[in-house]
Amino acid sequence: MWMVSPPSGIFNHFKKLFLSEQAGRAQALEFVRKNVANALSMANLIMGLSSILCSLNGQYHYACWLLLIGFLLDLADGAVARQLNACSALGAKLDDFADFTSFGLATALLLQAHGILDGLLAIVYVLAVFSRLCFFSSGIPFMYRGLPCPYASSLLTGTYLLTGGNLVVLRIVAMIMILFMVDQGFYPHDKVLESQLWKKMVYAGGILMVLFSSYSIVSLYYLIWSTTYIFFPVALWSCKV
C-alpha cells in the first residue's frame with residue numbers, strides 16, 4: 001500500500017530547496033565580490049605578459065597599447081577592491097606581481113637593450129620598480145612614497161608612441177623616471193574613480209582614446225595625464241573624496 005506524504009512534508013522539502021538555492025546564490029555573489037578586483041589584477045598581468053611577447057617579437061607599438069590598457073586596469077582594480085571592501089593580502093600580492101610584470105619587465109623591454117649600457121639601464125629600471133613596490137611603504141593612508149610605477153610606465157609608453165620609438169629620448173625619460181621612483185618624496189593617492197567628476201572623466205577619456213584614437217593622440221593624452229600627476233601631484237591630483 002502506497003503512503004502519500006503529507007502536504008507539510010512537501011512544503012518543507014521545497015522550503016529547504018529554496019533556502020539552499022538562496023544560500024548558493026549568496027555564496028556565488030560573495031565569491032564574485034571578493035574576486036572581481038583579483039580578476040582585474042589578473043587581466044593586468046595578462047596585458048603585461050602579452051606586452052612582453054609583443055616586444056620580444058619586435059611589435060613595440062602593440063606592446064605600448066597593451067601597457068596602456070594595463071594602466072587603466074591597475075587604476076580600476078584598487079577602486080573596485082575598496083568599494084566592495086574586498087581588499088586582501090592575496091589581492092595585494094597579485095596586484096604587485098601584475099604591476100611588476102606590466103610596469104617593470106614589460107616597460108623595460110621598450111628600451112630595447114642592444115648593448116651593455118642599454119641592458120644595464122633596463123636592469124636598473126626593473127630594480128627601481130621592484131624597490132618601489134616592495135620597500136617604499138609610506139605608512140600614511142592614501143599616500144605613496146616615490147612615484148607610482150604605473151605613471152612612469154604610462155609616460156614612457158606615451159613617449160615611445162609620440163617619438164616613433166626614438167630610443168635616445170626614451171632612455172633619457174627612463175633615467176628620469178628611475179630617479180622619481182626611488183625618491184623618498186610623497187605622492188597623494190589619485191583615486192581617479194573615487195574622487196571628483198573631472199578625474200572620472202579623465203579616466204573615461206583614457207578608455208576612449210585607447211579604443212578609438214590614433215597613436216599620436218593617444219600618446220599626447222597619456223603624456224599629459226602622467227606628466228600632470230608626476231610634476232603637480234598636490235596641486236592637481238591631491239585626493240578630495
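Helices (H or I, at least four residues) and strands (E, at least two) are DSSP runs, numbered from the N terminus. With that in hand, you can find your way around this protein chain, which has eight helices and two strands. What you see is a predicted model, in which local features need pLDDT of at least 70 and side-chain atom pairs count only at pLDDT 80 or more, while totals for chains, interfaces and linings use all residues. Residues are numbered from 1 along each chain as its sequence is written, and side-chain values use heavy atoms, with hydrogens and water left out.

**The whole chain**

- Buried residues make up 45% of the 241 residues in the protein chain. Here buried means under 20% relative accessible area, exposed means over 50%, and partly exposed is in between (1.4 Å probe, protein chains only).
- A contact means heavy atoms within 4.5 Å. Among contacts in the protein chain between residues at least 6 apart in sequence, 76% join residues at least 24 apart.

**Two loop residues to look up**

- Most residues other than glycine have a negative phi.
- Q112 is not a glycine, yet it has a positive phi of about 50 degrees. You will find Q112 in the loop between α3 and α4 (116-135), and Q112 is buried, with a relative accessible area of 13%.
- K191 also is not a glycine and has a positive phi, of about 45 degrees. K191 lies in the loop between β2 (186-188) and α7, and its relative accessible area of 9% makes K191 buried.

**Helix α3**

- Helix α3 covers residues 89-108, which is 20 residues. From its first C-alpha to its last, α3 reaches 27 Å, close to the 28 Å expected at 1.5 Å a residue. The expected span is 1.5 Å times one less than the number of residues in the helix.
- At F100, α3 bends by about 25 degrees. The bend at a residue is the angle between axes fitted to the seven residues ending there and the seven starting there.
- The buried residues of α3 include G91, L94, D95, A98 and D99. Further along α3, T101, S102, F103, G104, A106, T107 and A108 are buried too.

**Helix α7**

- Helix α7 (residues 197-212) has 16 residues and reaches 22 Å from its first C-alpha to its last, close to the 22 Å expected at 1.5 Å a residue.
- Which residues of α7 are buried? They are K199, V202, Y203, G205, G206, M209 and V210.
- Seen down the axis of α7, these buried residues fall within an arc of 155 degrees, so they line one face of the helix. The arc is that of the directions from the helix axis to the C-beta atoms.
- On the face of α7 turned away from its buried side sit the exposed residues L197, M201, L211 and F212.
- The cover over the buried residues of α7 includes α2 (60-83) and α8 (215-231).

**Aromatic rings**

- The structure holds 15 aromatic pairs. Rings of Phe, Tyr and Trp (its six-membered ring) pair if their centres lie within 6.5 Å; planes under 30 degrees apart count as stacked, over 60 as edge-to-face and the rest as tilted.
- In one of these pairs, the rings of Y60 and Y160 have their centres 6.0 Å apart and their planes at 45 degrees, so the pair is tilted.
- Y60 lies in helix α2 and Y160 in helix α5 (residues 149-163), so this pair ties together parts that are 100 residues apart in sequence.
- Y60 is buried at 16% relative accessible area, and Y160 is buried at 5%.
- W198 and W237 form a tilted pair as well, 5.0 Å centre to centre with 50 degrees between the planes. This pair links W198 in helix α7 to W237 in the segment after α8, 39 residues apart.
- W198 is partly exposed at 38% relative accessible area, whereas W237 is buried at 2%.
- One aromatic cluster is formed by F71, Y151, Y187, W198, Y221, Y222, W225, Y229 and W237.

**Cysteines**

- A disulfide is a covalent bond between the sulfur atoms of two cysteines. The cut-off used here is a pair of cysteine sulfur atoms within 2.5 Å.
- How many disulfides does the structure hold? It holds zero disulfides.
- The sulfur of C54 is 9.9 Å from the closest cysteine sulfur, in C64, which is too far for a bond.
- C54 is buried at 14% relative accessibility, and C64 is buried at 0%.
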